[in-house]
Amino acid sequence: MNRITLVAGLSIPLLSLASHQAAAAEDALTALGKRLFFDTTLSEPAGQSCASCHAPAVGWSGPDSAMNASGAVHEGAVRGRFGKRRPPMAAYASFSPPLHIDPEEEHFVGGAFWDGRATGWLLGSPVAEQAQGPFLTPFEQNLPDAAEVTRRICAGRHGQSFRDYFGEGVCSDPVAGFNAAARAIEAFERSAEMNAFSSKYDHYLRDPKRFPLSEQEALGLELFVREDKGNCAACHPHTPGEHGEPPLFTDFTYDNLGVARNPANPWYGMTESNPQGAEWIDPGLGGFLETVPRFAHLAAENLGKYKVPSLRNVDLRPSDGLVKAYMHNGAQKSLEEVVHFYNTRDVKPKCETLATPEPGKNCWPAPEVVANLNTEELGDLGLTPEEEAAIVAFMRTLNDGWTPPEDG
Ligand code: HEC
Ligand code: HEC
């Protein structure tokens, strides 16, 4: 009896030592991932890091106000080189499951990127697969191959912590080095720093009496949820999960809202890479499915669909003057415009039919992709201007880093 107690008593500190070590290792991996995320030597020419297009001050999305105000695609390390789409938020992305078909709803769920093409089918994690993309993309960090990524990390300021964590061998095997970098970045993307859940709404959920929403925000929440009003929660869920997990404001499904082209998208002018020039149409999820033999037959019904973005940090910006862009191509420039679009897309005439069009005011431009347009859940919501404003006010409660006014 005594012996058993003694053994059991001994094993507890041993166990907690082991879990302590595991936690410390996790912290070391996360810290390493953070350094790689901000490392501007991992581009050619040097100067660009992940954070150049996913900056914390704007909620881990594109920080360049001038770019956001026009084409919204952020310039790569090589001047004048642009990709096709707007940088989404890198935070909270790690919660997306690998891309799959929901057996009940029969639609696609999960993956990373606007079109889900970082599927998670290889590494089991969409964001780990995603993290390998930007280093080698000519429109982004523009390094030639995995070996060069590994070489630069190993020769650089963080080479020692990289070897300390993954072992000496990591630097002599380019593939191991590249995979290790992805794992470290993934760990950072799963960390509390990137997934803070520290918005006013999170405080409100934890203790609504102590952290109440304002009257306008509370009205906004009600309208956000009500099926006969905004119906936003149908795709941007607002309630905690089964085990109390805070809401992510996305169900990781795909939809075509009928967002118009962004005429300032620099990709239209990148004619060497984009032979279609201004005729190019973003195929969204359908375009990716076409490249996957077992899903190619589902491409047509998914054309023009993009992943539902989380609405966390959607209004986060360091100063009121900084412009943010919304939707896959950044065609919309304010939350007011977004909500007005949901409310009136099908009520106002198409701009193309008017002599003096004022997009968003007396008309809306035609959708970029007409196929698969969602006409059931949006387009004519019948919201008053006050109701639109309330929904915007509610979305402003989703910015991380909120501090309660009194207990500061
Ligand atoms: C030049 C700008 C640029 C750089 C640099 C960049 N990204 Fe991105 N990022 C984008 C764009 C644009 C997209 C969306 C592309 C698409 O959907 O086709 C994206 C998408 C993502 C996503 C997917 C989010 C989601 O919800 O689907 C994550 C995560 C991400 N980037 C992380 C990173 C990491 C990690 C790095 C550094 C290794 C990085 N990015 C470097 C522009 C950039
Ligand atoms: C049928 C699903 C669906 C419904 C309902 C819905 N959304 Fe969305 N939402 C999406 C999708 C999909 C996108 C991305 C579309 C794109 O990029 O073309 C999006 C994008 C957004 C964005 C832009 C975020 C960003 O980072 O670019 C905001 C803001 C937003 N929705 C708010 C709302 C509000 C407010 C409502 C209710 C009035 C609402 N949504 C209803 C699916 C939905």
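**Disulfides and nonpolar cores in a predicted model**

A search of the whole structure finds two disulfides, a disulfide being a pair of cysteine sulfur atoms within 2.5 Å. The structure is a predicted model, in which local features need pLDDT of at least 70 and side-chain atom pairs count only at pLDDT 80 or more, whereas totals for chains, interfaces and linings use all residues. Residues are numbered from 1 along each chain as its sequence is written, chains are lettered from A and ligands numbered from 1 in the order in which they are written, and side-chain values use heavy atoms, with hydrogens and water left out.

One disulfide joins Cys154 to Cys171, with an S to S distance of 2.0 Å, and its torsion of -90° about the S-S bond makes the link left-handed. This pair links distant parts of the chain, 17 residues apart, since Cys154 sits in helix α5 (residues 146-155) and Cys171 in the loop between α6 (159-166) and α7 (174-189); helices here are DSSP runs (H or I, at least four residues), numbered from the N terminus. Cys154 has 12% relative accessibility and therefore counts as buried, while Cys171, at 26%, counts as partly exposed, where buried means under 20% relative accessible area, exposed over 50%, and partly exposed in between (1.4 Å probe, protein chains only).

The other disulfide joins Cys351 to Cys363, with an S to S distance of 2.2 Å, and because the torsion about its S-S bond is about 95°, this disulfide is right-handed. Both cysteines lie in the loop between α11 (335-344) and α12 (385-395), 12 residues apart, and Cys351 and Cys363 are buried. With the bonded cysteines of the protein numbered in sequence order, the pairing is 1-2, 3-4.

A nonpolar core is a set of buried Ala, Val, Leu, Ile, Met, Phe, Trp, Tyr and Cys residues joined through side-chain atoms within 4.5 Å. The largest has 34 residues, of which Leu36, Phe37, Trp60, Ile153, Phe162 and Met194 touch the most other members. At least two residues of this core come from each of α1 (2-37), α2 (50-53), α4 (126-136), α5 and α7, and α7 gives the most, with eight residues. Leaving aside residues up to four places away in sequence, Phe162 touches Leu32, Ile153, Gly167, Val170, Gly177, Ala180 and Ala181, and also Cys154 and Cys171, contact meaning heavy atoms within 4.5 Å. Apart from this core lies another, of 29 residues, among them Leu311, Ala331, Val339 and Leu383.
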